[in-house]
Amino acid sequence: MSLPSKTPLLDTIETPVALRALERGQLNQLAGELRQELIDVVSVTGGHLGAGLGVVELTVALHYVFNTPDDKLIWDVGHQAYPHKILTGRRARMRTLRQGGGLSGFTKRAESEYDPFGAAHSSTSISAGLGFAVARDLKQGNNNVIAVIGDGAMSAGMAYEAMNNAGAMDARLIVILNDNDMSIAPPVGAMSAYLARLVSSRPYRELRNFGKKVAERLPRPMKIGAQRAEEYARGMVTGGTMFEELGFFYVGPIDGHNLDHLIPVLENVRDTRNGPILVHVVTQKGKGYAPAEASADKYHGVSKFNVLTGEQKKSNSKAPTYQKVFGETLSKHAETDPRIVAITAAMPSGTGLDIFGKHHPNRCFDVGIAEQHGVTFAAGLAADGMRPFAAIYSTFLQRAYDQVVHDVAIQHLPVRFAMDRAGLVGADGPTHAGSFDITYLSTLPGFVVMAPSDEVELMHMIATAVEIDDRPSSLRYPRGEGIGVERPAIGTPLSLGKGRVIREGSSIAILSFGTRLAESLLAAEKLSAYGLSATVADARFAKPLDEDLIRRLAREHEVLITVEEGAVGGFGSHVMQFLAWEGLLDKGLKLRPMVLPDHFIDQDSPEKMYEAAGLDAKSIVAAVLGALGRDRDAAAAGLIA
C-alpha cells in the first residue's frame, strides 16, 4: 500500500497516460486533489458542480483502467465532465470555463481528442456509443467503448431505444449507469461489491457461456426455463433484471466512491470481449463538499461562490427573472381556473414551475427528461378540456418536434408552449441557445406565436394563452432578469395578432419581435444623430402577423428593419412573405431582416454574443445606414469595418 505523497499528484497529471503510471494506492489521494481543484475552479467560473463532485472517483477509475483516448469514453449530457477535462490536458484552462474564448461547459469534439462525442442534451451517450462500437467492428478494431449515463437521463426513451438496439445486436459496448439519486438502487456494500466482481469475472462469464451452450442442446421448454432460472436467480441477488431483458449483462450495484470496489469490476468488464454490459454505479451528487451535500439541488448549477461558506454570488439587479414572473403569474391564473395544468421535463426550478407546484401540487407534472412524452401528455390533457402549459426550454423542445406537429398542431389542440431560454443564453453556449423555435413553430398552420419585450408583456401573453382554446400557442422569453418595469397584479389578454407602436418617427421603421425592443429603442436614439427619425414598434406576434401595422410601416417609411432573436426563416421571413404578396417590396421599400447569423455562436456573456451576432443597437444603426447607402458614415462611426 502506497503512502500519500507530499507532492500534489494532480500536478504530475497532464494526460491519463501519467495517471495510468500511478500506483493504485495513490489514486485516493489523486481523487481528493481532483475534487478540491474542481471546487476551486467552479467557485471562480460558476457552472455545474454537483454532478462533477459525484463522479470524481469514477472518472479517475475510468481513465486508470481504460486506454483513453483509443478507448472511447462518452459522457452523457456533459454536466459531470469537469473532472474529466482536468485530467485530459485542460487543467490550465479550466478557469476559462463557460467564458468567451474559453472551454465549453460540456464535452466538445473540437476541444480535445478525449472528447469523442459532444453532448449537452441528455440521453445520447448509449446511441452514440453503439455507433462507435459498430464503426470499430466494421473497421476490425479492438478498442473499448464506454458510455456513462445518469439515472435521470435514463428516464428518456432514447436511452431505452439505444439499449434495445444494442442488446438485439449483441454489440460489445460498456454502459456505466451513474445512479446518483438512489432512484433504482438496491443496497450497496461489501457483499454487493463482491457479487459484482464475481459476476463480471472471466470464470463466471465462461461458466455462464458454457451453461448457455448446454441449454442450447436441451428441448426448447427446458432451454427457456434454464435461461430464465439463471437470469432471475442472479437478478434476485444483484438486481438489474430490466436491463437483462434488454439484452445487457448487468453488473452491480457498486459504490462509485470506493476505488477498491470500482477498479476490479471495471478491469473485468474491460477484458470481456463479447456482448453489451451495464455496470450500475451508485454515487452521491455533491460528494465531498458540505454545502453541496446539504443543498436540495446538490449545487447542480451554481454561480460564482465562496469556497469556505458555499455562499453564491447574487445579482445586484432588483428586476425579477422571467422564470419567476412566469411561475408566479401562471400560479395566479390557476387560482381561479381549475383547468390550468403545468408540465415540465425535469426542469421545475429552471422554468419557474417550482413556484406553480408549491401552490398547485396536484396540477404540476414533472415527466422527467422525456420531452416527447411531455408534449403528447399535454395534448391528451388538452383534448379532454384542460388548459395545459408545457414549460420547456426552446432548445429542448426541438427533441419533441414530431409530437408538436403530429399530436398537437394537426389536431388543433390548445397546448400552450412556454419556451424558456429563448435566444442566446450566455455561458451554456450554442447547445442551449433558443435559436430556432420562431422558425419551427411559425411554419405550422394555426399556431399562435408570441414573444414579450419585457416581463409585463410576458404577463399579458400568459393571460392571452390561457384564453386560446381553439389552437396551439407559444410564448418565448429569455434566460435571466427582466428590465424592472412595474408589474400589474395579473396580465390582461391581448388582441390576437396585434402589435403596438412605442415611438413615432418618419423615415425609418424598426419592428422588433421579443426582447430586442430595448436595443431597437436605443438604436432609434442613435439614428437621430444622423438626422434620421425612427419609428419603433413591438410586433408581439410572429403569427398571426399584424398586417395592418406592417402595411403602415412599409408605406410610411423608406427603410423597414425587422429584429428578432432567432434564425432565418422566422419572423422576418414571414414579414417579407407578406410584403412581397402585397406588392410593397416593388415600391422602393428597403427591407432588412436582422436575424441570428448562419453559424453557431460559442459561449460568452449574452451582451457580447448579441454583439457578435449583429443584433445590438450599433448593428441596427449600421443596417439602417447601409440600406440608405451611407456606408461611409457607418464606417466613420466605427459601426462597420
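Which strands does helix α22 lie across? Helix α22, residues 517–528, lies across β12, β13, β14 and β16. It runs at about 175° to β14, residues 534–538.

Some ground rules. This is a predicted model, where local features need pLDDT of at least 70, side-chain atom pairs count only at pLDDT 80 or more, and totals for chains, interfaces and linings use all residues. Residues are numbered from 1 along each chain as its sequence is written, and side-chain values use heavy atoms, leaving out hydrogens and water.

Now the terms. Helices (H or I, at least four residues) and strands (E, at least two) are DSSP runs, numbered from the N terminus. Two strands pair if DSSP finds at least two bridges between them. Axes are lines fitted to C-alpha atoms, for helices over the stretch in contact, and angles run from 0 to 180 degrees between N-to-C directions. Contact means heavy atoms within 4.5 Å.

Back to the sheet. Its five strands form an open sheet in the order β12-β14-β13-β16-β17, with mixed pairing. At the edges are β12 (500–503) and β17 (590–594), each pairing on one side only. The twist averages 20° from one strand to the next. Strands β13 (508–513) and β16 (559–564) run parallel, joined by six bridges. There, Ile-510 has Ile-561 in β16 as its bridge partner. Helix α24, residues 571–582, lies across β13, β16 and β17, at about 145° to β16.

Next, the other sheet. Seven strands make an open sheet, ordered β7-β6-β8-β9-β11-β10-β15, and the pairing is mixed. The edge strands, each pairing on one side only, are β7 (364–366) and β15 (541–543). Strands β9 (416–419) and β11 (473–476) pair in the parallel sense over four bridges. Met-419 stands opposite Arg-476 in β11. Helix α17, residues 371–383, packs on this sheet and touches β6, β7, β8 and β9. The direction of α17 makes about 170° with that of β6.

Last, helix α21, residues 455–467. Buried means under 20% relative accessible area, with a 1.4 Å probe and protein chains only. Among the buried residues are Glu-455, His-460 and Val-466. At the N-terminal end, Asp-454 caps α21: a side-chain oxygen lies 3.0 Å from the backbone nitrogen of Val-456.

Terms used: Buried < 20%, exposed > 50% of the residue type's maximum accessible area, 1.4 Å probe, protein only. Polar contact = N/O pair within 3.5 Å; in protein donor to acceptor, adjacent residues only side chain to side chain.
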